[in-house]
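Morning, everyone. Let me put the model up, and then I'll walk through it.

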Amino acid sequence: HPTAPGMMMNAHFANVGEDASKEAYEHGVQVVDEDKAFNPNVSKYLNIEHVIPAGFNYHLIAVFGSQSTGKSTLLNYLFGTQFGVMSEQERRQTTKGIWMSKNKREAGGSAMAENILVMDVEGTDGRERGEDQDFERKSALFALATSEVLIVNIWEHQVGLYQGANMGLLKTVFEVNLQLFVKDSRTIPKSLLFFVIRDHLGTTPLKNLQNTLIQDLSKLWSAISKPAGLENSRIEDYFDFTFVALPHKILQPEKFEEAVNKLSLRFREGYNDPKKSGLLEEAELPVFLPQYHRRIPADGFPAYAEGIWDQIVHNKDLDLPTQQELLAQFRCDEIAREVLVAFDEKITPLEDKQAEDARIGQPSIIPDLGPIMNAARALVFKDFDTNASRYHKGVYKRKLSELEGKVDTRLKALSQKQISAAHKSGIDDFSNAVSTAVKLGQKKGGSYDFAQIVDSEKKKALAKFEEDANSIAIQGASWSDATHQLALYRKELDEVSGRLRKEEMRRLATRIERWVRTRLDESIGLEFNKLGSGRGGSGAPEHGEKPATEKDLWDRVWAIFTDTVSSAEKRFTDRAQSFDASPDEVEVGLWRLRRKSWGVLRAKLDEEVMEGNILLKLRENFEDKFRYDEHGVPRIWRPTDDIEGVYTRARESTITLIPLLARFKLAKTSSPPPLDAWIGDAPASVSPADEDDLAPIGGLDDDEGKTLEEEMVVLSDSKQADLLVRFKKTADGVYVEAKRSAIGGMTQ
Ligand code: GDP
Ligand code: MG
């Protein structure tokens, strides 16, 4: 028989004044008192006697018979118990109610079975309680329902006498007992009816007495009312019989004791093995056959017995399977509570930690969560199985799945919180790692492969997450599957990658814009600087006619601008494609680039035509025309020279630049460049965020109410007028100076 570990129910009794209690239970424990009350201390007693942890390794014997037939005396001799016996002098009832004691007999070696519990039952012929047969019936039923072996104690001279041998009572007990077995007759174990014939004189052989008794019992069995379906059942289907005769205790004390000693040896473990038993005399066969055992674990026996007694007392329909189920429910619940204590000790602090982390908004990662959860879960089920699996199978299974539900709900919550913390911090780490790598790349000179960074960080992040998820996987739990979480994680990584790619696009756009600005600064600046040279790049100006370089200034500006932007577009596209930007994203990026570049050009133009700058250019332009002859040789003014004529022509020529500069207009078409067509319509996929930082452009953004013509105004009319006045003054100054130098040269 398996034995249960001593950790279970009532373990706390073990240390409480064991010696004192032992004394208090010297005569055993009164299971049921004379008022039919069940003693709540039965389990305390069984604990003191170390029976509670025995699992199935215990046996229950009860005695049945008329009062003062030496029942208690027999039990005391057989089992070394100290049940009260009637003194020779007083002749009155001593055993009240039902007592129980553990076998105290020191049987040499291991001859007797371990943990034999003996129940001494108040005599059963009504006389001990007047006419109250209720108690004797109930106690007899109790004895029959709970015991593996029922010792039927009977005087030799009672054999054959219906009333004297308590046959009436036996009949009732059998009847009710049969009702117990109706529900599920297959699972109810047989009992052994152990007839002990007292004061056997020896004149009538035991065999004859035995036959008489069997005949009586068969008659009795045929007379009892049987439940439907069991009409044809035989008494042997439910009981085995054994018969023993004992000599007169008072007249033949030595023989009595010798016989009792021999008898005691039969209370040992039996096997259902005919070969083993075959070698033995009938009088030596062991009595505790496995099929008699009620299969109630010892720790559940007190509750079981109490339940049986409760039903008997309240005259309920005795129903042993139901009793077993009730008991199983009670004990399984109790065991579940007990095994959860150790589980709580391990798991509750982790739950608290998570709650606290959640409160302060910190991602909660518990190291070793997986091993702790697995160990706690395995232990709780193992403990439950060890202690509860002995009970009614159906109930056990139901309670096990209840327990699984409780345990797994909590572990699931723990796992999910940990997984979502791992998810959150994994995403953060990923995003930070990408940003850091990009920054490092920028620091090293800007050559970094964004797509490769994202790809390798994503791989790392996924591997880490998978590792985290695996580390908290619960073995043997179908719910513990992180596939779904992994998919969510992958999805969010992709989303974050997309966002990071957008940021990278912006960075790229900023870099390209900067490049455009630098390029335009230089090349447009150069074009405007050319204005400073009145002779332009293509030979001497014809008087009154603008030099070619001046006339097609805007064509060149436009060409430079579009060339620059188109090579910027190519750079942008190449780079963006290298990190898997979508065609839409590239399209939006290019559109933005063109708009922003136009803004850059406009700013550059504004800078060039700023008052001081443009005035200087005009003056240089004028001076070039005025001070140099058509061959590019500086003029030395003489008083005879037509200074005024040259001055006027040069001045008028430069003045024509002002309206030319005032409007961005192509020479070929003498209309504004096709900026609107060149920038193009906003792509369909453009988002409000993409337009956030874009300055409006006349002719493109209608709601600005500004036309393309207006967009192309470089100098307003009033600015032109103002510039003209200033320029003339400057030119006048140059003229006066020239005049002066001519006169000065003459006088010298
Ligand atoms: P119980 O009421 O059945 O438990 O009987 P007890 O054990 O209290 O014994 C009742 C009386 O019978 C006592 O006075 C015993 O001494 C006496 N007694 C015990 N055993 C025997 C026996 O084997 N034969 C006879 N004749 N008397 C016995
Ligand atoms: Mg007695």
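Start with a loop. D368 sits between α10 (320–359) and α11 (369–388). Helices here are DSSP runs of H or I with at least four residues, strands are runs of E with at least two, and both are numbered from the N terminus.

Ground rules next. This is a predicted model, where local features need pLDDT of at least 70, side-chain atom pairs count only at pLDDT 80 or more, and totals for chains, interfaces and linings use all residues. Residues are numbered from 1 along each chain as its sequence is written, while chains are lettered from A and ligands numbered from 1 in the order in which they are written.

Back to D368. Its phi is near 65 degrees, positive in a residue other than glycine. Is D368 buried or exposed? Exposed, with 11 other C-beta atoms within 10 Å. The cut-offs: 20 or more other C-beta atoms within 10 Å is buried, 12 or fewer is exposed, in between is partly exposed, with C-beta atoms placed from the backbone.

S670 is another case. Its phi is positive too, about 40 degrees, and it is not a glycine. S670 lies in the loop between α20 (657–662) and α21 (675–679). S670 is exposed, with 8 other C-beta atoms within 10 Å.

Now the sheet. It is open, has seven strands and mixed pairing, and its order is β1-β3-β4-β2-β6-β7-β8. Pairing takes at least two DSSP bridges between two strands. At the edges are β1 (29–32) and β8, each pairing on one side only.

Two pairs in detail. β3 (residues 98–102) and β4 (residues 116–121) run antiparallel, joined by five bridges. I98 faces V121 in β4. β7 (residues 191–198) and β8 (residues 239–245) run parallel, with seven bridges. There, F195 stands opposite F243.

Last, the cores. A nonpolar core is a set of buried Ala, Val, Leu, Ile, Met, Phe, Trp, Tyr and Cys residues joined through C-beta atoms within 7 Å. Which members of the largest core touch the most other members? V31, M119, L150 and F194, out of 145 residues. Take L150. Beyond its neighbours within four places in sequence, L150 contacts A62, F64, A143, L144, S191, L193 and F194. Contact means C-beta atoms, placed from the backbone, within 7 Å. Apart from that core lies another, of 15 residues, including L618, F622, L661 and L715.

Notes: Two residues are in contact if their C-beta atoms, placed from the backbone, lie within 7 Å.
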